[in-house]
Amino acid sequence: MKSARETRGGRSRRPVSLRQAPGDRADGRGPEAHETAPVGKDLTPVVGSNLRRLRGQRGLSLEKLSRLSGVSRAMLGQVELGQSAPTINVLWKISSALGVPFSALITARGGGGVHVLRGENAKLLTSHDGSFSSRALFPFDEPRRVEFYELRLTSGGSERADPHNPGTVENLVVAEGAVEIEVAGHREMLGRGDAIVFEADVPHVYRNRAERETVMYLVMTYADTVG
């Protein structure tokens with residue numbers, strides 16, 4: 001299945017006006033040069049918390065992240081502690097080094113570990129003919145190795161998926177209807193309540209064999225963190 005990985009917005013090609021604060025070093029080892037429009041101070045603790053969490057999830061030291069991002073170790077430490085409001089330019093460097101969308105650094109996480117995804121705000125992917133749709137049942141603003149989808153396939157409809165990255169596994173269960181799953185030429189028929197697990201780094205196809213819409217739930221597990 002085509003996954004709904006969030007894409008990062010393109011950066012502006014216009015030169016960014018910079019000014020160097022007193023005590024900053026041009027070699028990048030001291031505090032960073034400041035843009036004219038830094039991130040608002042109200043986001044400083046949010047960015048610090050997110051950076052600390054994301055860096056920890058990747059097992060990166062401040063020194064290693066500094067080398068990857070080009071942002072000084074001192075600045076990274078200040079951002080994590082909420083002692084410095086990073087500029088937009090600095091946030092782009094950090095998010096690129098972490099391999100996460102820009103929004104992952106500036107989005108506040110829901111309190112109490114609860115994140116409600118309202119149906120009316122669902123993120124949907126639909127095939128060109130409208131016969132297949134997938135609804136993401138997970139938040140996009142955090143790095144992850146697992147994604148959860150609701151899939152719907154109209155009667156007689158089919159969806160062909162290209163191979164995913166090596167190590168990707170799909171675990172699918174049929175909630176309503178019936179579907180034929182073809183994986184690298186091997187076919188399996190699944191009815192309501194049936195489940196299948198397969199390595200998805202090969203071509204695979206979903207075909208609705210019921211006389212009505214088939215509803216499925218899919219868990220995709222990646223070898224590496226995405227998002």
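**Patch, hairpin, sheet and cores**

Biologist: In this predicted model, Val146, Phe148 and Val219 make a nonpolar surface patch of about 210 Å². Where does Val146 lie?

Modeller: Val146 lies in strand S5.

Biologist: Why is Val146 called partly exposed?

Modeller: The relative accessible area of Val146 is 44%. Buried means under 20% and exposed means over 50%. The value of 44% falls in between, so Val146 is partly exposed.

Biologist: Turn to Ala184. Why is Ala184 called exposed?

Modeller: Its relative accessible area is 58%. The cut-off for exposed is over 50%, so Ala184 qualifies.

Biologist: What makes the phi of Ala184 worth a remark?

Modeller: Phi is near 50°, a positive value, and the residue is not glycine. Most residues other than glycine have a negative phi.

Biologist: Where does Ala184 lie?

Modeller: In the loop between S8 and strand S9 (186-190). S8 and S9 form a hairpin with two residues between them, and Ala184 is in the turn.

Biologist: How do you know that S8 and S9 pair?

Modeller: Five bridges join them, and the strands run antiparallel. Pairing takes at least two bridges, so S8 and S9 count as paired. One of the bridges links Glu182 to Arg187 in S9.

Biologist: Which sheet holds this pair?

Modeller: An open sheet of four strands, in the order S6-S11-S8-S9, with antiparallel pairing.

Biologist: What makes S6 and S9 edge strands?

Modeller: Strand S6 (158-161) and S9 each pair on one side only. The twist averages 15° from one strand to the next. S6 pairs with strand S11 (residues 204-208) over four bridges, in the antiparallel sense. Ser158 has Arg207 in S11 as its bridge partner.

Biologist: Which residues of the largest nonpolar core touch the most other members?

Modeller: Met1, Tyr149, Leu151, Leu172, Ile181, Tyr206 and Leu218, out of 21 residues. Strands that each supply at least two residues include S5 (144-153), S7 (169-176) and S12 (214-226). S12 gives the largest share, four residues.

Biologist: Why is it called a nonpolar core?

Modeller: Core members must be buried, of a listed nonpolar type, and joined through side-chain atoms within 4.5 Å. Met, Tyr, Leu and Ile are on that list. Another core, of 19 residues, lies apart from it, with Leu65, Val79, Ile94 and Ala104 among its members.

Key. Residues are numbered from 1 along each chain as its sequence is written. This is a predicted model: local features need pLDDT of at least 70, side-chain atom pairs count only at pLDDT 80 or more; totals for chains, interfaces and linings use all residues. Side-chain values use heavy atoms; hydrogens and water are left out. Buried means under 20% relative accessible area, exposed over 50%, partly exposed in between (1.4 Å probe, protein chains only). Patches are made of residues with over 30% relative accessible area and no salt bridge: like charges are joined within 9 Å, nonpolar side chains (Val, Leu, Ile, Met, Phe, Trp, Tyr) within 5 Å. Accessible areas come from the Shrake-Rupley method with a 1.4 Å probe; for residues, only the protein chains shown count as cover. A salt bridge is a side-chain nitrogen of Lys or Arg within 4 Å of a carboxyl oxygen of Asp or Glu. Axes are lines fitted to C-alpha atoms, for helices over the stretch in contact, and angles run from 0 to 180 degrees between N-to-C directions.
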